[in-house]
Structures are given as C-alpha cells and as structure tokens.
Amino acid sequence: MKFAMKGAVAVATALTLIAPLAAGAQELVMSIGSRGYGGMMERNIEAFEAANPGTSVEWLKVSDVPGDSRKLYVTGLTAKSPTPDVFAIDVIWAGEFAQRGWLEPLNNYLGKDAIAAYNPSFLSAATIDGTVFAAPLYVDGTHLFYRSDLLEKYGIAVPKTWEEVIAASKTVMEGEGNPQLYGFVSMWAKIEGLFMNWLSFTGGNGATFFDADGEVAVNSPESIAATQTMVDMIYKDRIVPDSILTMKPDDARTLFQQGRAVFLMVQDFVYAPLSAADSPVAGKFDFTRNPYFEGHPDAKSTAMGGWLLAVNANSENKEAAAKLVEYFTSYDAQLAAALDENRAPGRTDVYDAPEMADATLLKKLGDDYAVGVVRPSASTGNLYPRVSEVMQTEITNALHREKTVEQALNDAAAEINSILGK
Amino acid sequence: MNRTMNLEQRTALTGIGFVTPTVIVIALILIYPIIQSVVLSFGQSSIDGSEPYRFVGLRHYATLMGDGRFWNALAVTFTFTALSIPLELALGIGLALLMNESFRGKGLARLAVLFPWALPTALNALIWRWMYNSDYGLFNAVALQSGLADRPINFLGDTSLAMASMVVVAVWKTSSFMALIILAGLQSIPRDLFEAGRMDGMTKWQEFTQITLPLLKGPILVALIIRSMDALRTFELPFNLTDGGPVNATESLSLYAYKAIFDFLDFNFGAAVVVVQFLVIFAMSLIYVFALRNKD
C-alpha cells in the first residue's frame, strides 16, 4: 500500500517534470484512449494545427480502462500538473473533478450556441450551478440487444416492457429446451455497470434517484418494485443465470455472442464484436431502447455513459486548450466521427445532418439516448464514488437475497444521506 | 582525535560505517511511510493541499469503530487467515515429509510442488477465476457433465462459497512455501535419532509425533509467522479473484484500505484503516515471538 502511494507520487513528479517542456511555444498535450477515439485523433489534430498556426498538439495515449486512466489523472491533477492540457473524462468523473477544482470552466471559451447544441442530459453531468466544466465528446449508453432470429421463430414482437421481456424469455427458453440458453444477461457484478443497470430498471418504472425536492429517493415504492423485478428474474422467473452476479460487460457479451442468451443489456461498444464476420450471432441480433415497466411508456431508462473533454485548470495554455476542445466537439468534427467511426455525437444537432440519413445505426442509438438517464454524479460531486459504492453494495445485497429489497434500499438511502451530510 | 583507538573500537566503527547506509535507506522507505500513515490518520487534509492539514484526533478511528464495513473487513481477514493457515500447515508438513523421502523423479516432484508458489499471485487468481467461472469454467464443466451437479455452481458469486473458494486458491498456492521451510528443518534432524528410536521399537507414527514434530517446532513457527503476516494483509488474491465480492464477503482490510484511498480519495480515513491493520499484524507477531521464545 505504501509503496503504491510512493509510486503515485513518483508518477505525479514525473508529470510535473514533463510540464515545462510544453510551456514555451503553444504546445498542447491531449490525453485520450486509443480504442475510445483513436480513429479520429490524427486527422483532427492535423486539421486543428492547420487552422491554428503556431500551435501543436501531442496525443498522450492513455488506458481505455476508466479506472486506470482515472488513477493517472488523479495523481497528476493532485500534484497540480499542467499536463495534459486537454483530457477525456468519463461522464461520472465530471462532477467530482470540477468540485475538486481540477477543471477550467468553459463558459467563457465556448459560445452559448455551442453549449446549447450539446446533449442536455449529458451536459448536465458536467454542469454545476450553470457553469459548464466539460464538453460532451461522444455518448454511449445501455441498450437492449435481442436475438431477432429467435423472437421471429416464436412469433414474438420486439418487447417494449420488462413484463414482455420476461414472458418472451420464458417462451423461447421453453421452446428451445436448451439448458445452456438463458433469457437475459447483463453486468450485475458489483461494478459501476450494476448501478447503471439499476438506474435503467428503476428509471423505467418512473423512479428517480433524487425526488423533486432534492431528497434521496432510492427507496421509493417505484424503485423497490423495479428492484424486486431484478431479484425475481433470477430466482422466480429463472430467466437469468446465477452467474449474472459475477458478470462484467464483456462476460455477458461473450455469452450472448455464443448464442447462449436471448436478451443482453449493455453499452453500445458490444455492437462491433457482435456484428463481426466471425461472430456466431452476426445478422441474428438487433437492439432497441431499454424496456420500461407497463404503464410508463415515457420513462427514461437508457443509462447514459460516455466521455467529455475538459481543460486542465492548471494548464498554461488554457485559451488554446479550449479551442482544441471546441474543435473536437464542433459540428463538423463530430459529424465525421459519427459517420466514419460510429461515435455517437455529444451534440444533438449532428443527428439531424442530411449525411446522417444513411447512418441508421447511429440514428437508432440516438433515439435511445433521447430517453437517457444520467447517474447522479454532478449533484454528488466528489462524493459520487462513495454514493455509487453504497448503491452497488446494497443492490448486490438485494440480488443475493442477503437483505430484502426494501431493507437494502432503505439502508442505501440512510447511508447516502449520511455521506451527503443530510 | 584519540589516536589510540583500540582494535575493538575500530572494528565497531567500521561496522557502523557499513550498516549506516542500509539503516538510512530502511528508515526512509519503511519507517517514514509508517509515521506518515499515523500522522495522516489523526488529521484531515485534502490530497491536493488546498485544505491544510488539520489535527482531528481520533475522529477517523471513531468513524471506523462505527463502520460495519470495517468490522466486516476485519472479520474477513481473520476468517481467511484462520481457515487457510492450518490447512496450509497440514498440507505443507505432508508435502515436506513426501519430498524428504527418496524416490524416482524426486527432483521433478519438488519442482511441481514449487510451481504455484513461483507464479505471481495475480496470475494465479486470474487462472482460478476462469476455472471457477460458472458458465465456461473447468469445475462446472466437470461437475455438470459427470452429473455431480444439476445446475452450475457459482463459486465466486455465492456469498457462502466465495470465501471457501478463495481459501482453496491460497492453500494451493502457499502450501509449498510451508513445505519448503519445513523440509529444511526435516533435513537438519540427525538420522541417529531415528535409529535410536527404531532400536527402542518405535512405530513410524511414534517417530513422527515424538521425534520429528518436536524438532520441527522452530521451522514451523517461522513458517507460521511469515504466512500469517501474509494472510493478514492479503490483497492480490481478493483484488483479482473476487474484487471483495460478492457483496463484501471477501473484502480484506488491505482491499478496504485500498478502496478508501484510491477510489474515494480519502487518504486520512484510509490511513486509519492501515494503522489498525498494522497494529493487528504487530500484535500477531508479538504473540508468535513469545511463543518461539518459550518453546526454545
């Protein structure tokens, strides 16, 4: 443990030492993972440098595993390192990083029109009291992937509600008679993805994390009923394997890809591997918006994720850095990323571009984001990691039947209130 | 300057000269962080220095005492230690006795026994995580196909099975370490003791309980100290195997401290956890040291 802390300090020191190199000319360092946005980096940097003579941009490639890059940023930012100038942040860090004073407010750099063009629910995750701290780069969210061939075989319409998902699962599982086939799989291990799942379920029943008065409402009747459905899917309906409690996104994706599940609820990144030429389910699946509960057709149930670009509050070239952010999140750059790299734009106006008519996949993704629900990271700020941890623990308690759903969510509400000092 | 320094004094001075650099390095990398942890645990400060260090006394320790998750982590750590150490010891003695016999392929057997110990714990944990997997893991494939189980067993996802599964990995991995130390002890037992015993008509069992075991007490205690300290600060195994889950059924003290520090960025509270852990291990070592002294 102590050595790890020493290591962290060493990394921070190293980052500080690199910094002065970038001070003289307008040299910007931008960090982002290569799986996340690698396809767009070189052309965007070239175009930006051409439009801004005297400014050069270096791409610092960081891990695509959010937990890993977070540690790198936290140690560097803690040491007030001015590098990187621009960095990609996970939507759930925005509130925390802003509150710690690590991000430069962008209102003075980005025009009102640009800000108005961003996806509002996504932007809200990076906005505190009207101040915008990061600009949406690309959005992803959870969707309900389903085996179109199996639904067709049994003459089942694409389910819109959880009740229909459960019924369809039972019909297909009984019809196929294959003990290796499950109805529904997702990421219910004790990870951030579990909390996203829970928000999808409860959001689909009309529940919200905070009520209209800003009070913690995780134990509302709607929330309890939705969570109970998750528990029942495992133990009563038996359409979900016990192993879901240890599944991360890729575990669930693997099962679905092997043809062992009818439904899968995870983020859009699985679309590429599922539709790859050597995928056993290629051409046999499709996706739709996350289900809602009967009687709540307008409920928001797409748990949103995604990445934003932020400017380091200690950057020595804030003006140029903000320009870079503006360029990456501009209409043209986002349209190119959407058309060429299937990156769902963080701006809503790009979806209406005429060129997008052929981008049916992205259009469909965009429809689902319209019913998006974001995690309560903006309002909880630097306490978000704790809030999320409490939710993950208590949801897991309910899913393992260590506690009743009501008890688990009551405990969660009490703990969150105490964390938030209410 | 006293030029009539005698030989003894000069030897002492040379010795001090040789030892000093080591002592300084150890003080810097071992003692300083310990003191720093204690200081952190009694205060409130922000990691970026925006909030200056403020002494808050026992506040973090008071929070700790009322924190169910801390008590759970403490219980998990003790349970893990109490379950894995005796099993490792029993298996270790068995392996050592086996390796002490001469038989064909003895070298190969010793190598095989040492193999799990030689691999990094993180790798071991990943290998076992795959074998435990309930959808495509080895154990479930065998259990299901042989009819031993009619539905997949979720070894790492079941609150009651996860700890047992973790203990199995620990025993598999570290029994060979116990065996190695005990083997060294075995080989230092004079052969003539056994000859004398045989002349007195001792059975093999009597030889083991009355000659081998009493003479192995030293090495066994050494092995126990080292392994208990390891087990009390176990981190890589739960981190890579279960990440402390399901719920918090396998969250050890080290893992809890890690999460407090690196996930919640609460260095002060995390430091308090680390200090308590340090005290627990320190107390455990003292008990062993006294045990060693009395038994000698």
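**Exercise 1.** In which loop of chain A is the place of Lys80(A)?

*Solution.* This is a predicted model, in which local features need pLDDT of at least 70 and side-chain atom pairs count only at pLDDT 80 or more, while totals for chains, interfaces and linings use all residues. Residues are numbered from 1 along each chain as its sequence is written, chains are lettered from A and ligands numbered from 1 in the order in which they are written, and side-chain values use heavy atoms, with hydrogens and water left out.

Step 1. Elements are DSSP runs numbered from the N terminus: helices are H or I with at least four residues, and strands are E with at least two. Lys80(A) sits in the loop between helix 3 and strand 3 of chain A.

Step 2. Look at the backbone. Lys80(A) is not a glycine, yet it has a positive phi of about 55°.

Step 3. Look at the accessibility. Buried means under 20% relative accessible area, exposed over 50%, and partly exposed in between (1.4 Å probe, protein chains only). Lys80(A) counts as partly exposed because its relative accessible area is 45%.

Step 4. Look along the loop. Pro84(A) is also found between helix 3 and strand 3 (86-90) of chain A, and the peptide bond that joins Thr83(A) to Pro84(A) is cis, with omega about -5°.

**Exercise 2.** Describe the interface of chain A and chain B.

*Solution.* Step 1. Count the residues. Contact means heavy atoms within 4.5 Å. Chain A gives 35 residues to the contact and chain B gives 33 residues.

Step 1. State the area. The size of an interface is often given as the accessible area lost when the parts come together. Buried area is that loss (1.4 Å probe), summed over both parts. For chain A and chain B the value is about 3,000 Å², with 56% of it on carbon and sulfur atoms.

Step 2. Count the salt bridges, each a side-chain nitrogen of Lys or Arg within 4 Å of a carboxyl oxygen of Asp or Glu. There are four salt bridges between chain A and chain B. A salt bridge links Arg151(B) and Asp242(A), at 3.1 Å from N to O.

Step 3. Find the elements involved. On the side of chain A that touches chain B, two or more residues come from each of helix 1 (2-18), helix 3 (66-78), helix 11 (249-257) and helix 17 (384-399) of chain A. Helix 17 of chain A has the largest share, six residues.

Step 4. Sort the residues by class. Ala, Val, Leu, Ile, Met, Phe, Trp, Tyr, Cys and Pro count as nonpolar, Asp, Glu, Lys and Arg as charged, and the others, Gly among them, as polar. The side of chain A that touches chain B has 11 nonpolar, nine polar and 15 charged residues.

**Exercise 3.** Is Asn397(A) buried or exposed, and what is it in contact with?

*Solution.* Step 1. Asn397(A) belongs to helix 17 of chain A.

Step 1. Asn397(A) counts as buried because its relative accessibility is 8%.

Step 2. Apart from neighbours within four places in sequence, Asn397(A) is in contact with Glu402(A), Lys403(A) and Val247(B).

How values were computed:
Buried area is the accessible area (1.4 Å probe) that two parts lose on being put together, summed over both.
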